[in-house]
Amino acid sequence: MDTETMAEETRPKRPIRWHVGVFLAPAVLVYTAIMILPLFGTLQLSLFRNIEQSQVFVGLGNFRTLFGDPNWSVNFWNALRNNVWFFIIHMLVQNPIGILLAALLSSPRLRFTAFYRTAIFVPTILSFVIVGFAWKLILSPIWGVAPHLMDFVGLKSFFTPWLGKEQYALTALSLVSVWQFVGIPMMLIYAALLSIPDEVIEAAECDGVTGMAQFWKIKLPLILPSIGIISILTFVGNFNAFDLIYTAQGALAGPNYSTDILGTFLYRAFFGFQLQVGDPNMGAAIATIMFLIILAGVCVYLFLVQTRLRRYQF
Amino acid sequence: MSTATRSLPRTIGAHAILLTYTAIALFPVILVVMNSFKSRAGIFGAPLTPPTAKTFDLIGYTTVFGQGDFFHYFQNSLVVTVASLFFVLLFGAMAAFALSEYRFRGNTLMGLYLALGIMIPIRLGTVAILQLMVASGLVNTLTALILVYTAQGLPLAIFILSEFMKQVSNDLKNAGRIDGLSEYTIFFRLVLPLVRPAMATVAVFTMIPIWNDLWFPLILAPSEETKTVTLGAQLFLGQFVTNWNAILAALSLAILPVLILYVIFSRQLIRGITSGAVK
């Protein structure tokens, strides 16, 4: 949208308010040029293919290759499946733990809450490089910290090098990611719980609803909108994830692609890795699929979840 | 309040769960930092004990400072983060002011357009962003990173800041107008100082993902000259897979600056989240 037409008055009598355009222009220009146009450029690139040094329009050909050609589709479906599992673990582990911690933190007159909040949020501010490597070291059988710790609780026989086994690696990394990001649902739910007015809680207590029943019947319904928000944030974050897998397992997402998710698949397709040559058009096609998945998730949230959950304004 | 909500066993239970989780959250960080001050024998012999006089060793740190160009990477990260932060806050506040202060045709539409980027990650446009940067000769420059991070941070900044700017009193702004202040003066002199707490919140939210990002440095600026500390640490750790002293020291060096900043700004950050800045 042109900023000059934006600055035009609704009522033609007043002069053109240039300052509105001046205030908007830098943000709109940078945002449009670096974010929106490349996004559409990527969607457009996914419809072309590089044939003899020139871009040829192939329609949905790249997607047909992605879904059908065994060279691509095996990896693609694997990455998609892994990504869905990655998301499921986050929803089943990260968000309930976050809600539990928030519920405990918001209990009245509990001391040291500031300390707990600050400490539990620490992993969230660390970079993936640190988190990925630190956990890689801890879970490494060479160092032996993990088996040593499990020995304390008598579980040493259950230890295996999780990150090195195909059947466990993805779950282990998902749990590392949960460990890192549990602070976000905790904080958002905590904020929502604090905003419930005392009158509502007191009314519940007058009616004899206390403890667990109070949480399930009074507080949980009131924080549902926040749970909706953390779900969509988790969804977008998970289907866009890359860094943790890349730092812990490398671009090949080993062992044997068992931790490959869409982000690492996109990276390999786009840049190429070892024997595979990079292909920007196929990269764009994968990015388009990721875009559609995220868009679908956001639409489901906006049109189904958010409109049905009533926001309580106090 | 009824006594049921603060009975003793319940409080003890709450503390027990929170303490356990705090331990889980902090354990890896403490473990890494603690072992970075030990000799190789100490790291493997007794990983869970703090460094003693016998196992204390700074060999890891000397290796890191001798090998990697960490100071330079650190500088790059600092330049990129500070510059992006400056532009996000300045441009974001300006746009937020325009959206919240003036009624003009397409106001809501513009707001929605700018909010798109909150949900759709900029990473999905990487293929075309790289082409754009190649075409404009910005590959392997810090400018490319600053531009990308500015675009990435703007949507959330505008969204949060316009919420806050709506709360600034109209009387104040109109008094300024009557006194003959220009719209620019009103924005810079009257409104900006009043939304400073919100700016701090936005700053923290914007800063963390920029400092920690690996994707764009890896793709847009992987050269030795422009490596950020996150990318540098990643490559360094890859090189020294068997030198545990160096790895642990490098990890500690990467953790500490973020941790110090966090401890300084944590109240701001937590207040920002809990005041409903993110809805």
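**Briefing: chains A and B**

Chain B has a radius of gyration of 24 Å, whereas a compact globule of 279 residues would have one near 19 Å. The model is predicted. Chain B is built from 13 helices and zero strands. Chain A contributes a strand hairpin and an interface with chain B.

**Chain B: fold and dimensions**

- The C-alpha trace of chain B spans about 75 × 70 × 35 Å along its principal axes.
- Read from the N terminus, the order of elements in chain B is α-α-α-α-α-α-α-α-α-α-α-α-α.
- Of the 279 residues in chain B, 45% are buried.
- Take the contacts in chain B with a separation of 6 or more: 75% of them link residues 24 or more positions apart.

**Interface between chains A and B**

- On the chain A side, 72 residues are in contact with 73 residues of chain B.
- Helix H2 (residues 18-45) of chain A supplies the largest share of that side, with 16 residues.
- By residue class, the side of chain A that touches chain B holds 52 nonpolar, 14 polar and six charged residues.

**Hairpin in chain A**

- Strand S1 (residues 48-51) and strand S2 (residues 54-57) of chain A run antiparallel and are joined by four bridges.
- A:Ile51 has A:Ser54 in S2(A) as its bridge partner.
- Two residues lie between S1(A) and S2(A) in the hairpin.
- A:Glu52 sits in the turn and has a positive phi of about 50°.

Key: Residues are numbered from 1 along each chain as its sequence is written. Chains are lettered from A and ligands numbered from 1 in the order in which they are written. This is a predicted model: local features need pLDDT of at least 70, side-chain atom pairs count only at pLDDT 80 or more; totals for chains, interfaces and linings use all residues. Two strands pair if DSSP finds at least two bridges between them. The radius of gyration is taken over C-alpha atoms; the globule rule is 2.2 Å times the number of residues to the power 0.38. A residue is buried if 20 or more other C-beta atoms lie within 10 Å of its own, exposed if 12 or fewer, and partly exposed in between; C-beta atoms are placed from the backbone. Two residues are in contact if their C-beta atoms, placed from the backbone, lie within 7 Å. Ala, Val, Leu, Ile, Met, Phe, Trp, Tyr, Cys and Pro count as nonpolar, Asp, Glu, Lys and Arg as charged, and the others, Gly among them, as polar.
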